[in-house]
Amino acid sequence: MSRPAQTPDGPGVKAADPVVLGLDGLDALITKLSESGYEVKGPVSRGGAVVPGSISGVDDLPAGVHDEQSPGGYRLAQGDDGRLFAWAVGPGSWKGEFFPAHQEVWRARASDEAIEFTEAAREAAPLAIVGARPCEFRALEVLDRVLKDGAYRDPRYADRREAAFVAVVECASPASTCFCTSMGTGPGIEGGFDLALTEIDDEGGHRFVVRVGSEDGSEMLDSVPSTKADAGDLEARARVLEGAAANMGRHLQTEGLAGLLARNMDHPRWSDVGERCLSCGNCTLVCPTCFCSDVHDTTDISGESSRARVWSSCFDLDHSYLHGGAVRASCSSRYRQWMTHKLSTWWDQFDTSGCVGCGRCVTWCPVGIDITEEAAFIAASDGATRVSPPSTRGGS
Amino acid sequence: MSSTSNSDVRPTLAVWKFASCDGCQLSLLDCEQELLALTGAVRIAHFTEMSRATVSGPYDISLVEGSITTPDDVERIKEVRANSRHLVTIGACAASGGIQALRNFVEPGSYASAVYAHPEYLETLETSTPISAHVAVDYELHGCPIDRHQLLEVLLAFLAGRRPVVAGHSVCQECKARSTVCLLVSDKTACLGPVTRAGCGALCPSVARGCFGCFGPSDCANVASLTARLRLLGSSDGELDRLLQTFNAAAPAFRSAVGVGRAAAVSLGQSRSPSHEGAER
Ligand code: SF4
Ligand code: SF4
Ligand code: SF4
Ligand code: SF4
């Protein structure tokens, strides 16, 4: 991906004009991607949730699947409609495809003369995603700043990202935990993608309005049966997005938020959330932008050693272990670290918010801790301080 | 390096059993494929479940299974410690007292008289306690039983002189790493995973079963918050108490959350039906 279309928004240019695909067209697109050498993945309904999985055609997509989400709650329901994308994001984000939970980096074997290093094998085929949501695409761009375009490039992440093709599907059915409108990351998307689809199911039929965002996108659409989108199709798309924005479940007041949190490091709310938080780390692992990892060096019985990069979480005691102990030994200090990083210090480090408003951390927190609610509480009592200064050690 | 008199330079390994079911020792035999290679690197000097042939100590590394439940155990663990350069406990019994530690919380002798026809022939302590309550422990491996990959990892780390890669975080992180959809969130299943130490690879949730905490509390377990949530999702106080009173019943983080629901109810002046009592069944 990422070669922009020659004339991304140029009116009257055939390649960049929105087109309409039917289900057969979408199926043909998936086939075309696969025939072009991509490993094609998309949302599938598995184990009670919509998660990333391999797809070989539209039949693999979650037709008629709807979700109900709440803080600490998630349920799928099967409808009799045939809509393929009538759900909001599930627990598995696309982060895992580029930044896997466990990734071997190298192996080494020592002989009498030398230590011989072998780089671990990489995925052979580039990845094509059909059906990433706008917030998820923006989350990948946030990760890019950290792992690809910043000072510490992760070559495995970067290579796989650069080779990937992404067809985004805009959101029609946000969950009660979604707040992408607050973060400017959805429910629609403009730019960056290879293709952007909007699912429409009205009197005009079940179809997808497709916009092209890159040369690769236009190439993949080439032999796919499509028609030119007319004004009615584009209006239908606008209605879908308006409806989605109107149904946004949550809101985060972002104006002044980074500064608000930065000046409220002693707010009593941190102790309160520290009592509720389990330090389980679910929020960080479902978050599409959390990138913390650890390095595991192991040896086997044959004398070979291996280095792997594995997911880690700021909710782990080990995560802040320095000489003599953990710096963030209390749960409140760990939650504060997580939330202030997402919403405040991420700006200082990466010039962007670390949160795209996908709502995963809210839904998949076993005790339903809600980042928007915590932020709103602090905003409403700006400047409150604890009676005694907080300790980063001991208790919560 | 080796404590034996011959020219064998392999470090020696000994396995000891206290009050336990042998399941954790079996994990060593369970390392079928790696076992042969392992014996090339360590000399298994004392492991009566495997062989009657034993070599006298001291030993370079001792694996200790089981809890301390008799006056004899109290003395024997001191001998084991004195004869071991490194002492690694294996399993929930050794780490927290095991399921037999349930006796710690009832009238002394009441379990023994319920189980044995002639409890007067027994000579036991009133409590079942972890190895660390009696001697210095160099490393604790958790689980009921332990995970054989973790056991191998500790032995390999010992051989290489490095730190074992063994996590102290929650089982939830293993669910996420293997893409198991959370049962608690998606199905309201009572799951102790958020407060349980990782190590099993999130075995139970992967087969749609809530975690019952066999690896004991994680590093930062906040059990009271989890049980409050599970109560909201429909677990009764009795169910929660039973969930917390299994293989790691005496682990302080689990123990401290037992009876909390009922205590709260009593302080509110509510009466509870007998079916909510933890002692039923
Ligand atoms: S912090 Fe929460 S809402 Fe924001 S991107 Fe991460 S998981 Fe999504
Ligand atoms: S905020 Fe929720 S998901 Fe995150 S560590 Fe705390 S309890 Fe776990
Ligand atoms: S199923 Fe249990 S262990 Fe797994 S993520 Fe959910 S609460 Fe944690
Ligand atoms: S999921 Fe829980 S109960 Fe099951 S094996 Fe793992 S630690 Fe033990």
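In chain A of this predicted model, helices α10 (282-286) and α11 (331-350) each supply at least two residues to the lining of the largest cavity. That cavity holds about 120 Å³ of space, and a search of the whole structure finds eight cavities of 30 Å³ or more. The second largest cavity is where ligand 3 sits, and ligand 3 lies between chains A and B. The points below start with the cavities and then turn to the ligands, the sheet, the aromatic rings and some backbone details.

**The largest cavity**

- There are 16 residues lining the largest cavity, and the closest to its centre are C277(A), C283(A), Y335(A), C365(A) and I369(A).
- Sorted by class, its lining has 13 nonpolar residues, three polar ones and no charged ones.

- The volume of the second largest cavity is about 90 Å³.
- Chain A contributes N282(A) to its lining, alongside chain B residues that include V171(B), C172(B), C175(B) and K176(B).
- Further along chain B, the lining also takes in C182(B), L183(B), L184(B), C191(B), G193(B), P194(B) and P205(B).
- The lining divides into nine nonpolar, two polar and one charged residue.
- Two helices of chain B, α7 and α8, each give at least two residues to this lining, and α7(B) gives the most, with three.
- Looking at ligand 3 itself, its surroundings include N282(A) from chain A, and cysteines C172(B), C175(B), C182(B) and C191(B) from chain B.
- For the shell around ligand 3, α7 (172-177) and α8 (183-187) of chain B each supply at least two residues, with α7(B) giving the most, three residues.
- By class, the shell of ligand 3 has nine nonpolar residues, two polar and one charged.

**Ligand 1**

- The residues around ligand 1 include F179(A), C287(A), P288(A), W338(A) and K342(A).
- Eight residues of the shell around ligand 1 are nonpolar, two are polar and two are charged.

**Ligand 4**

- Around ligand 4 you will find T196(B), C200(B), C204(B) and P205(B), together with C211(B), F212(B), G213(B), C214(B) and F215(B).
- This shell has seven nonpolar and two polar residues, and no charged ones.

**A sheet in chain A**

- Eight strands of chain A form an open sheet with mixed pairing, in the order β3-β2-β8-β9-β10-β11-β1-β12.
- At the edges stand β3 (49-54) and β12 (227-228) of chain A; each has a single partner strand, so one side of each is left without a neighbour in the sheet.
- Strand β1 (residues 19-21) of chain A pairs with β12(A) in the antiparallel sense, over two bridges.
- In this pairing, V20(A) stands opposite T227(A) of β12(A).
- As background, strands of a sheet pair through backbone hydrogen bonds, either parallel or antiparallel.

**Aromatic rings**

- Over all chains, the structure holds 15 aromatic pairs.
- One of them is the edge-to-face pair of F291(A) and F350(A), at 5.8 Å centre to centre and with 90° between the planes.
- This pair links distant parts of the chain, 59 residues apart: F291(A) is in the loop between α10 and β13 (293-299) of chain A, while F350(A) is in helix α11 of chain A.

**Backbone details in chain B**

- Most residues other than glycine have a negative phi, and most peptide bonds are trans.
- The peptide bond from G57(B) to P58(B) is cis, with omega near 0°, and P58(B) is in the loop between β2 (43-46) and β3 (59-65) of chain B.
- Another cis peptide bond runs from C144(B) to P145(B), again with omega near 0°; P145(B) lies in the loop between β5 (139-141) and α6 (148-160) of chain B.
- D22(B) is not a glycine, yet has a positive phi of about 80°, and its place is the loop between β1 (12-17) and α1 (23-29) of chain B.
- K188(B), also a residue other than glycine, has a positive phi near 55° and is found in the loop between α8 and α9 (203-206) of chain B.

Key
Residues numbered from 1 in each chain as written. Chains lettered and ligands numbered in written order. Predicted model: local features only at pLDDT ≥ 70, side-chain atom pairs only at ≥ 80, totals over all residues. Heavy atoms only, no water. Near = heavy atom within 4 Å. 1 Å grid on protein atoms, 1.4 Å probe; cavity = no way out; pocket = protein on both sides within 12 Å on 5 of 7 lines; lining within 4 Å. Sits in = over half its atoms within 2 Å of the grid points. Helix = DSSP H or I, 4+ residues; strand = E, 2+ residues; numbered from the N terminus. Nonpolar A, V, L, I, M, F, W, Y, C, P; charged D, E, K, R; others polar. Points joined across faces, edges and corners; volume = space filled by probe spheres on them. Pairing = 2+ DSSP bridges. Phe/Tyr/Trp six-rings, centres within 6.5 Å; stacked < 30°, edge-to-face > 60°.
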